Amino acid sequence: MQLPVDIKAVIEEAASIDGARQTPLSVSVYVDDTAPGDVQAHVRQAFASASPHARVSLMYLEGRPFSPYAGDDMAVIVAGLDEQVGECASRLREAGVPVMVATTLPALVADIAQASGHAIPAGDLVAPKAPRDLPAESSEGAAAQPVRAAAPSAAEPYVLDDSAAASLSERMGGWVIDACADKRLAFALAFPFVRKPLALEAVNATALQNAGVGLLVIIPGADLPVMTLNQAKMLLQIAAAYGEELGLARVKELAAVVGGAFACRAAARQLVAFVPALGWAVKAAIGYSGTQAMGRAAIEYYEGGVTVGRLADAVGRARDRAVRAAASRAAAKAQEVGACAVARPSH
């Protein structure tokens, strides 16, 4: 059987991944020694890298003259109560260096920087979610975007327990893939905290693409090769984000994804037969939810240890969940359409 995947396009994707592995990175980490010890340790560990292509410099502010290195791809300031943090961040931006200000004192850091005349842009101030908000956030959500996360009523500094540390890592990763878009894959290969946010972004983008394909492609069967190619690229992107080499194992994984795509497509055909007037909605739902489910299954697979058997099981479970969800949506829509037809007055 010929697989519905453009092998040339997959090879081109793999070549871009190999290029990212060789991409040099330069990062400076500036530590304000008034920052709480737990956030200092967390950021220092996050930016420790075994990659031979990543240069990471660690410096303490300590009131000494500040000289940004314009050749950096990014900088991070671990912020406490030092009044020069805002000015240092401003000088880095003036030198053309994207700068993240990581802290567990977000309201205080923002207020001190504002008072010093060097306000920190909200998007560059990265903190864990406020403690009261952490239980409400699902680990299944998309990569969190850095926001001004502090309310004055939240006790600062936030205690960096496991939940807060995971939240901070996720937000730091989201900031990196936004601020360093051209080298986002290279950053994921060098720094593990960037991997899951980058993988989730790939899943979300691919799911939206496949929803559009299901919505717009009207020729029967023509959507399958496009959706499957998108999913194959997505898998390569996720595998690359977790530092996996392209080889026979990736081919087996692609086969598992292709099998999942066929199963989802077969389910879509059955649902379209059930509600033919809503075929466009069913295909879009299957394209979106099936891609989301398989992408998240791949992330679960790479997070938990790579074996092809585990991926096949994860894809199977994801496929079943996606089909059930799409069937539920289609049934609800059919009921809605039926109710509208009954309510419409006859002439």
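Let's start with surface: the accessible surface of the protein chain comes to about 16,000 Å², and 58% of that belongs to carbon and sulfur atoms. Those areas come from the Shrake-Rupley method with a 1.4 Å probe, and for residues only the protein chains shown count as cover. Please keep in mind that this is a predicted model, where local features need pLDDT of at least 70 and side-chain atom pairs count only at pLDDT 80 or more, while totals for chains, interfaces and linings use all residues. Residues are numbered from 1 along each chain as its sequence is written, and side-chain values use heavy atoms, with hydrogens and water left out.

Of the 347 residues in the protein chain, 49% are buried; buried is under 20% relative accessible area, exposed is over 50%, and partly exposed is in between, with a 1.4 Å probe and protein chains only. The chain has 11 helices and five strands, taken as DSSP runs (H or I, at least four residues, for helices; E, at least two, for strands) and numbered from the N terminus. As for contacts, meaning heavy atoms within 4.5 Å, 75% of those between residues at least 6 apart in sequence join residues at least 24 apart.

Now, the inside. A nonpolar core here is a set of buried Ala, Val, Leu, Ile, Met, Phe, Trp, Tyr and Cys residues joined through side-chain atoms within 4.5 Å. Which residues touch the most other members of the largest one? They are Phe 47, Met 74 and Phe 191, out of 50 residues. Helix α5 (residues 162-179) gives the most to this core, with seven residues. Both domain 1 (24-132 + 158-190) and domain 2 (196-306) supply at least three residues each, with bounds from an automatic or database domain assignment. Leaving aside residues up to four places away in sequence, Phe 47 touches Val 27, Val 29, Val 56, Met 74, Val 76, Met 172, Phe 191 and Phe 193. Another core lies apart from it, with 19 residues, including Ala 75, Ala 89, Leu 105 and Leu 125.

Ala 89 also brings us to helix α3 (residues 85-94), where Val 85, Gly 86, Cys 88, Ala 89, Ser 90 and Leu 92 are buried. What do the buried residues of α3 pack against? The partners are β1 (25-31), β3 (74-78), β4 (99-102) and α4 (106-115). After α3 comes Gly 96, with a positive phi near 85°.

One last stop: Leu 189, in helix α6 (residues 184-190). Leu 189 counts as buried because its relative accessibility is 17%.
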